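Here is a short briefing on a two-chain model. Keep the sequence and the 3D view open while you read.

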Amino acid sequence: MDPDTTLPVLLMAAWLVPLASFVLIVLFGKYMGPRGIGAGYLSVLAIVTSAIFSLIAMFGVWLPNHDFPAAHESEHSSSTHDGAVVSATDESHSKDSHSNNPHPDYYTGDWYSLGEFGTLKLTIGYYIDSLTVAMFCMVSVIASCVHIYALGYMHDELHEQFVDHEVTLSSGEHLHRKGRFYRFFQYLSLFCFSMFGIVIAGNVAMVFVFWELVGICSYFLIGFYIERHSASTAANKAFIVNRIGDFGMLIGMMALWSSVGTFAFGDMKNEKGEVEQGLFSLLRPEESEYQLAPPAGMIAEQKRMFAGDPNASAGDAATPAIDPKRNTQGQWLLFIAGVGIFCGCVGKSAQFPLHVWLPDAMEGPTPVSALVHSATMVAAGVYLVGRFYPCFSPEALLVIAYVGCITLFIAATIAITATDIKRVLAYSTVSQLGYMMLSLGLGGWVAGMFHLITHAFFKGLLFLCSGSVIHAVHTNDMTFMGGLRKKMPITAYTMLVGCLAIIGAGFPLSVYGLSGYYSKDAIIEQAWSFGSVNPQHAILKWAPVAGAFITAFYMFRLWYMTFAGQPSDPHRYDHAHESPRVMTGPLIVLAAFAIGIGWPIFHVNDLLEQGRPVGTLSATHGELLTNLTIPSEHDSHVPLIKIPAGIAAFCTALAGVLLASIIYLWRLLNPDELKESFKPLYGFLWNKWYFDELYNYLFVKPTLIVSHCAAWFDRNIIDSILHTSAAICKACSKVVDALFDQTVVDGTVNTLASGTWGLGLWLRKIQTGSLRQYVMFIVIGTVALFVTISIVQAYFIPTS
Amino acid sequence: MFNFPLANLLSEPVGVAHYVTVGAILFICGALCMATKRNALGVLMGIELVLNGANLNFVAFGSQYLRNDGHSLGLDGQLMALFVIVLAAAEAAVALAIALNFYNNHDSIDVDRADQLRG
């Protein structure tokens, strides 16, 4: 099969089927079977169809047409070049002294043009490389599992009368409302459609459209229990925080477009057959050996910004002296564009400082949490950083790395004290997303994307397990659980698999482990590789290791508190039961993926390597920060880094598990006593580093004060102006009424009427009713006519 | 000398003008009759006179003896006259019925008393 034609068609089908399901459910959802149960089946059918199309695209089209590069591990040999460690990975690169990779195999084109405004082209297009195909498979498979699981989990919504126990009305009763089963699946379908749209998008504008669609879907789903106050505020919070990130993204888009002049990612042929270069080619031209080189438009734009002096502000805090050899032209604008785009990803992927929305998003039903936290919403941000990777300058990457580093540490520490089972998982998601961002920022593109995919599977699994537990005990609070592994073994052991996967369990220095073992170790290796060439950024080297320790601790704390030990609430324990097969089935499937997706025999790593963005293989040096070096990713595989990093990752994870076991399994230390002895720290973490309070005082309160002032101004100034002008208008119209309306207009009409009346009265007199008089009238009239015509003929019409 | 249009009728051979003159006299008699008679039957007679005066004109203008063109059949005048006769008969029937009803209601056929439709 020709991938050039079949891939776009297959993926478009996979993309549009959920949209069709959404439209059908919107129109006919109510009528699909009793209480809309058919809508659920339709939605499941749609997403499974998508999954089948995606898998056909992967195994039927992509893999047969694209051979994996020869395994680079064995050929790996490092050589020095220009004082930096440069990898020589395969033959073509070793011949080339610059050893930089060209464009990966990709297919791009436009399906539909929305409009052209000057040079601005808005199109619905596609850009398909191995990352796109991998993401399609990952999203559709996980979404299928979540959809099927939701059929069971949302069963309560099928009742005619759904009783929401968390909403108490003013009358003291719980809220009774109609079940909204079909609406849930309608949003799920739209959500999947939007996510596929981001992944397949061929230009930045289209990404932004679907980016916003994902945002609105998350709003609908987080606020699904809209009657609960906490749910509606959480939905608002998610949406507003995302808007803040999107603002930065818009700035980044404008910076890119105004200086580069195109939105498209890849090179595309237009109608005349000329090749129009896309963003990647323009920013990493072939002439500069695929190194990042700001195009002429960007340099001119920056000159304009800095008022004629391109080096004017380049010599500030970051770089003390202006080095004539360095080329900072356009680099600042490139930095702004990169950080701007990254802002959008910060919002969507819940990175510090916009991470606050994600834990609150737990108010949505658990299948939504699973979908949002694994495959769709938060994955979108990481995916976009990966997609935009060639456009980020080394300085922008450093920003990304630091944001990821801060996020992974903060979120991990908060997760230690949380007792809400879903919140622990939420903070763990934030932390893992921090890992991905860190990895991308340090140059570990494949590692970051690999972790995105493996994490999606085990985090989806963990959330679905937590949903299964919540379904059984009807509470989110882990302090009411305990000992549940006897009641619900499938959930307990699949969740154990998820926990082991997320901490990266595996045999160190071997190729045997769970999926997280491969991706997490790759990230830590990359961090160590980065730290070895940039000693001033050593914190980026140690943070992921510390994070690994904390991750292991809180994940096993969660598992022990939920499934091990003695039941802390016998009443709930007695009522607990294993979930139905429709819910445990997806758990088992996802557990299998969580174990095996990272295994080298499945080549996910090599598949992603095929999609490595252009020009990102070799080490790059900062232009603004001269002592910054982003190392080549392949350098992280040298034994000098791989062995200590692997051992460090293993030991910290093991230490975390041991500490959790000491406290929560063997009870050698009493957690309550620990809580007392570390009270200030505990309080600090329990209150989530006071981020919500901080934002409340920094942003919400000032906004409220300003809006109160504005409201006062509105009510007192604007309203009084309005009222006064209304009163003036009313008085004026009264004057006009008296002067003009009542005399002139009314007078005219009245005169006309009385004239008609008088005429009628006068004409009435002619109607005598006497027959003979009428005859006389006729005769006289006839004679008068005759005489008139005669006179006219005789005197006024000239005889010819 | 003032040339009165009808001055030399008597000295000329019989032509259209003679017939028209007789028709006009009949018409005026009928009209006067309609205007002066108070008896409804008298008014009806006046109508008959007016119609006959008009009829005479049709016949006179339609006669091929009195016309110069020999090309047409010259039946149009006669046809119109026949129509008028039929019309007169129908009108007389209706009018007599009205008169009869009027008499039944008012014990009179004085047209001056039939003025209920005055304005």
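In an unreviewed entry, UniProt places the feature "domain: NADH:quinone oxidoreductase/Mrp antiporter transmembrane" at residues 201-271 and 326-532 of chain A. The model shown is predicted. Over residues 201-271 of chain A, the chain is 72% helix and 3% strand. The end C-alpha atoms of that span are 20 Å apart.

**Annotated spans in chain B**

- UniProt, again in an unreviewed entry, lists residues 16-34, 41-61 and 81-103 of chain B as "transmembrane region".
- Residues 41-61 of chain B are 100% helix and 0% strand. The end C-alpha atoms of this span lie 31 Å apart.
- Residues 81-103 of chain B are also 100% helix and 0% strand. Here the end C-alpha atoms lie 32 Å apart.

**Helix packing in chain A: H15 and H20**

- Helix H15 of chain A covers residues 394-417, and helix H20 of chain A covers residues 539-563.
- Their axes are 9 Å apart and pack at an angle of about 25°.
- That angle is under 35 degrees, so H15(A) and H20(A) count as roughly parallel to each other.
- The crossing of H15(A) and H20(A) is left-handed.
- On the H15(A) side, the contact residues include A:Ala401, A:Cys405, A:Leu408 and A:Phe409.
- On the H20(A) side, they include A:Ile539, A:Leu540, A:Gly547, A:Phe553 and A:Tyr554.
- The residues of this contact of H15(A) with H20(A) divide into 15 nonpolar, three polar and no charged.

**A:Leu590 and its surroundings**

- A:Leu590 sits in helix H22 of chain A, residues 581-596.
- Is A:Leu590 buried or exposed? A:Leu590 has 31 C-beta neighbours inside 10 Å, and the cut-off is 20 or more, so A:Leu590 counts as buried.
- Leaving aside neighbours within four places in sequence, A:Leu590 is in contact with A:Cys145, A:Phe457, A:Gly460, A:Leu461 and A:Leu464.
- A:Leu590 and A:Gly498 are 92 residues apart in sequence. In space, they are 8.9 Å apart, C-alpha to C-alpha.

**Where chain A touches chain B**

- How many residues does each chain bring to the contact? Chain A gives 11 residues and chain B gives 12 residues.
- Helix H28 of chain A, residues 771-796, supplies the largest share of the chain A side, with five residues.
- The chain A side that touches chain B divides into four nonpolar, four polar and three charged residues.

Key:
Residues numbered from 1 in each chain as written. Chains lettered and ligands numbered in written order. Predicted model: local features only at pLDDT ≥ 70, side-chain atom pairs only at ≥ 80, totals over all residues. Axes fitted to C-alpha atoms, helices over the stretch in contact; angles between N-to-C directions. Helix = DSSP H or I, 4+ residues; strand = E, 2+ residues; numbered from the N terminus. Parallel < 35°, antiparallel > 145°, perpendicular 65-115°, else oblique. Left-handed = near helix turned anticlockwise from the far one by under 90°. Contact = placed C-beta atoms within 7 Å. Nonpolar A, V, L, I, M, F, W, Y, C, P; charged D, E, K, R; others polar. Buried ≥ 20, exposed ≤ 12 C-beta atoms within 10 Å, placed from the backbone. UniProt positions renumbered as here; feature names shortened; annotations may be inferred.
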